[in-house]
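Here are a few exercises to work through with the model open in your viewer. Try each one before you read its solution.

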Amino acid sequence: MAKQMTYSEAINDAIRLAMRKDENVILIGEDVAGGAEVDHLQNEGAWGGVFGVTKGIVEEFGRTRVLDTPIAEAGYMGAAVSAAATGLRPISELMFNDFIGSCLDEVMNQAAKFHYMFGGKAKVPLTIRTIDGAGFNAAAQHSQSLYALFTHIPGLKVVVPSSPYDIKGLLLTAIFDDDPVIVFEDKTLYGMKGEVGEGFYTIPFGKAEIKRAGKDLTIVGIGKQVYTALRAADQLAKKGFEAEVIDPRTLSPLDEDTIINSVKKTGRLIIVDEAYPRCSAATDIAAIVGDKAFDYLDAPIKRVTAPHSPVPFSPPLEKLYMPSPQKIIDAFSTMVGDNVFTTV
Amino acid sequence: MQAGTKAGTKASVGDMTVEKAKWIYKKMQEIRQFENTVHGIFEKGEIPGFVHLYAGEEAVAVGVCAHLTDSDNITSTHRGHGHCIAKGCDIDGMMAEIFGRSTGLCKGKGGSMHIADVGKGMLGANGIVGAGLPLSIGAGLTAKVKKTDHVAVCFFGDGASNHGTFHESVNMAAIWKLPVIFVCENNGFGEASPFDYAAACDRVSDFAKAYKIAGETVDARNLQDVYEAAGKAVQRARKGEGPTILECLTYRDYGHFEGDTQTYKDKDVQEHALQENDPILRFQNYAKTNEWLSEEQMKAIDAEVKTEIEHAVKFAEESPFPEPSQLTTDVYVSY
């Protein structure tokens, strides 16, 4: 059984299912309900998060399990970490991933380290939900895609779901995983509709999805960039080239096998990532493939990413900042060594 | 308690001059008309991104900045338009920035949430709650090390008073006796959460006692109260007598951001704040009572400001977007 849902509704559905299944699951963050202790609202939430994603959850579960926090990221993220270590299974919402600057210690030095540092005797079953992505004119401090920062850190798992179906299954996996997991929700995907399974289901971490099969080129698209990759693949198909498009779905763990097996077949790899290019997920994947599948490559690996620059506010600059199908086609054109694609 | 529920007036004249009163009235009008105009244009979908409006809080920015010069620095918040105007930022450049045009104060790269004009001592609106607090003490440190009499003012919200950076910054400013005025704009809400829920303290100024510095809470829908308290705080800072927490009780006339449904607001309180407790109406009454400004003079200022704002919108609309080459400029000074 499946039904049409938005990405946002799929998240809401997953959180409710998890909270019904396990009373140790709590939701904590800034205005995840909103309007706390406002008399006329009674127990109703005012917001349900800044994009309304968690709307209605406080009405079902009450304010003991749905906690609006002060604007105090270090405080509530630290609380979520140790609540996880002492028996709860918190879902902690970091309103924008850019705000990690205010609570990186709690994630990087506490959540990520407990299990290892304490000799495997402690666990931190924490899920951090956070909003990333450019394309919303939200400027330099509300538009970054910082998943590489967390992929770098051992002890954290990193999830970048691109569809309503995936976000629901991956979020449920995250919530019931015993390690700290950070789930990136691209703000431009919230309204996207798609088929979502009814009831409880999980999607395993470290399993990429082949979105489109092909033999001439492998394109790995991270998060919403998988759609940019698919659009480029459609255009390439018109010129007789079949691209295989892969959505890694999780960056840590990373499904290296699916990517490498695809490259062995196609001999060419483009990685599409809207994050900054240096020390990025795109760069990491390129290094892994260079390391493990060099002999199969017919051309240098190409990365289509943002430039090494903060996200600009002005709409035309932001558009230019993002990967595009044309940029992918241009990269492919240099890989095949001619200009047959300049007319695409 | 919210400032919106407070009534009562205070007819003290202090060191107010006619010239100062004119400047104050004009700045308050500029902020109000600027924000109302941005509100209207945003509703039509012509402004991209997030916008947070300052209308209703004018007396804070203006009452404080009335004591500052271009050499004094301020730090601001996501709700920064009012601070920019009060600190003397160019209105055409501000509007163009909000429109994302190359003629904007930040060349269109920052937008509403990041308007800055360092030359005017405006160290930037800020997208991160609590970020302005440590930045303000840095500006205070510069003044102290360089032995100037410049001061730094940190405008921050009641929401940020619960942030660790508030306590770290106030403590450091206190132990180093920095020339910083911490101006808490307590508008009753941090985003969609009431102050009374999110803060355990009664008053943000209560922390002054713990950090052994000066602290005061004023009715900031009343320009004169802010003006007087800020004057004393700035004077203390200039004389090397250390920081002050000045808590300004006010009200946010619009939502947290444009598009906010504001269901968390009490309608009666909002009505009272907007109609009987409007800081501009209250200042108009003062100005008339004290014979600083006549009704006609104020109407003339209103009209002058209207023309300025219309000019700013036209300037913004007619300005070009940044060239593609601007995408990767200004990332570093040199690289």
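Helices, in what follows, are DSSP runs of H or I at least four residues long, and strands are runs of E at least two long. Keep in mind that this is a predicted model.

**Exercise 1.** Work out the end-to-end distance and the helix and strand content of residues 27-324 of chain B.

*Solution.* Start with the record: UniProt, in an unreviewed entry, puts "domain: Dehydrogenase E1 component" on this stretch, residues 27-324 of chain B. Next, take the C-alpha atoms at the two ends, and you get 36 Å between them. Finally, count the secondary structure: 45% of the span is helix and 11% is strand.

**Exercise 2.** Describe helix 5 of chain B, its surroundings and what follows it.

*Solution.* First, the length: helix 5 covers residues 132-145, 14 residues in total, and spans 20 Å from first to last C-alpha, close to the 20 Å expected at 1.5 Å a residue. Second, burial, where the cut-off is 20 or more other C-beta atoms within 10 Å. The residues that pass are G132(B), L133(B), L135(B), S136(B), I137(B), A139(B), G140(B) and A143(B). Third, ask what covers them: the cover includes strand 1 (73-75), strand 2 (152-157), helix 6 (164-175) and strand 3 (180-186) of chain B. Last, look past the helix, where K147(B) has a positive phi, near 55°.

**Exercise 3.** Which elements of chain A give two or more residues to the side that touches chain B?

*Solution.* Begin with the totals: 38 residues of chain A contact 38 residues of chain B. The elements you want are helix 3 (73-85) and helix 11 (315-321) of chain A. Helix 11 of chain A supplies the largest share, five residues. The chain A side divides into 22 nonpolar, twelve polar and four charged residues.

Terms used. Residues numbered from 1 in each chain as written. Chains lettered and ligands numbered in written order. Predicted model: local features only at pLDDT ≥ 70, side-chain atom pairs only at ≥ 80, totals over all residues. Contact = placed C-beta atoms within 7 Å. Nonpolar A, V, L, I, M, F, W, Y, C, P; charged D, E, K, R; others polar. Expected span 1.5 Å × (residues − 1). Buried ≥ 20, exposed ≤ 12 C-beta atoms within 10 Å, placed from the backbone. UniProt positions renumbered as here; feature names shortened; annotations may be inferred.
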